[in-house]
Amino acid sequence: MFRMLQAICVTTLAALVLWAPGRVVAQQASQPAAIRVVDIPIANYSPLLVARDKGYFAQGAVSIEAVFGGSAEVGGSAVFETMVARANGLDLMFLASGVHINTQPPDNSALLVRADDAIRAPADLAGKRISAGLVNSINYVHMQEWLAKKGVDASRIEFLEIPFPQMADALFAKRIDAVWNVEPFVTFMTKSGKARILAYPYLDTVPGMDVANYFAKESWIKANPDLARRFRRAIDRATQLMATTSKEERDDWVAKFTGMKPDVVKEVTLPVFSTEFNVPSLQANLDLAVRQKLVKPFDLNTMIFRP
């Protein structure tokens, strides 16, 4: 599910022509440079395709391993995993914002149960089997927080690690009792009539939080500050387009990037595209990681790239 995209980033074309009263000023072009970006084909990172195909680059957990190992310069990942990696000694840095979750339902991820199951409230999950992705991943940790907020003892729940695409089969075969899945699988499951949404956990833990970002090694950013700024400008421009364009165009870009059929994209709930980091929500995630004893506190501002 991971793939590599090579972005050719330059600030200008042959030259950027600036119009001024009575004269034309030509600005020297920056040299083209290749940046290898590793991501997963989900809607969160569709601005990468926008920036490439619109020419913005020409004008202007595997991901973490790839970036830190040197096989890619930029990665796309959940903000939580990037922070945990930073806290555990990897010199990773938030390079550009990606998407936020919604502040009101529906959200682009949800906790689902079988349509005919007796589970109706959080308390009914006690003693059940649940999959929220990988243990200690962003969904798993927020699931622990959500259960605590709802007064449910997480130690009474059995957590199973099941990939998102396989969650529906596991739920419908009654191997598990609930799943925290993401789009487009949430839509597939509910439209099948076999599943219903029990809750949107993120909306109860940190509504509107940053959920996905672009990151790079801090050492790479410091060694290539101009290239990092140019990448950031291109991604911000593409993200802004995704945030402000019509639903039809946004859906079209998501379909092209993810490989989903256009009629499916029309049905799914997309995240909120934003060029600004929601710093309080990043801090809330760091605090959550500290409470879960995954990391020790550190100054979050040290890992946010501010060009």
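1. Thr269 sits in the loop between helix H12 (262–265) and strand S13 (272–273). The model is a predicted one. Is Thr269 buried or exposed? Its relative accessibility is 18%, so Thr269 counts as buried, the cut-off being under 20%.

2. What does Thr269 touch, beyond residues up to four places away in sequence? The list is Asn102, Pro106, Asp107, Asn108 and Glu183. Ser109 also deserves a look. Thr269 and Ser109 are 160 residues apart in sequence, yet their C-alpha atoms are 8.4 Å apart in space.

3. Next, the sheet. Five strands make up an open sheet with mixed pairing. Their order is S9-S8-S10-S7-S11. Strand S9 (158–159) and strand S11 (195–199) are the edge strands, and each pairs on one side only.

4. Within that sheet, how do strand S7 (residues 109–114) and strand S10 (residues 178–182) pair? They run in the antiparallel sense, over five bridges.

5. Helix H4 (residues 79–87) is largely enclosed by the rest of the structure, because eight of its nine residues are buried. The buried residues are Val79, Phe80, Glu81, Thr82, Met83, Val84, Ala85 and Arg86. Just after H4 comes Gly89, with a positive phi of about 105°.

6. H4 packs against helix H13 (residues 279–291): the two axes come within 10 Å. They cross at roughly 60°. H4 and H13 are therefore oblique to each other. The crossing is right-handed.

7. Which residues make this contact? From H4 come Val79, Phe80, Met83 and Val84. From H13 come Leu282, Asn285, Leu286 and Ala289. By type, the contact of H4 with H13 has seven nonpolar residues, one polar and no charged.

8. Last, Glu145. It belongs to helix H5 (residues 138–149). Its relative accessible area is 16%, so Glu145 is buried. Where neighbours within four places in sequence are left aside, Glu145 is in contact with Thr205, Leu288, Arg291 and Gln292.

Note on methods. Residues are numbered from 1 along each chain as its sequence is written. This is a predicted model: local features need pLDDT of at least 70, side-chain atom pairs count only at pLDDT 80 or more; totals for chains, interfaces and linings use all residues. Side-chain values use heavy atoms; hydrogens and water are left out. Helices (H or I, at least four residues) and strands (E, at least two) are DSSP runs, numbered from the N terminus. Buried means under 20% relative accessible area, exposed over 50%, partly exposed in between (1.4 Å probe, protein chains only). Contact means heavy atoms within 4.5 Å. Axes are lines fitted to C-alpha atoms, for helices over the stretch in contact, and angles run from 0 to 180 degrees between N-to-C directions. Angles under 35 degrees count as roughly parallel, over 145 as roughly antiparallel, 65 to 115 as roughly perpendicular and the rest as oblique. A crossing is left-handed if the near helix is turned anticlockwise from the far one by less than a right angle, and right-handed if clockwise. Ala, Val, Leu, Ile, Met, Phe, Trp, Tyr, Cys and Pro count as nonpolar, Asp, Glu, Lys and Arg as charged, and the others, Gly among them, as polar. Two strands pair if DSSP finds at least two bridges between them.
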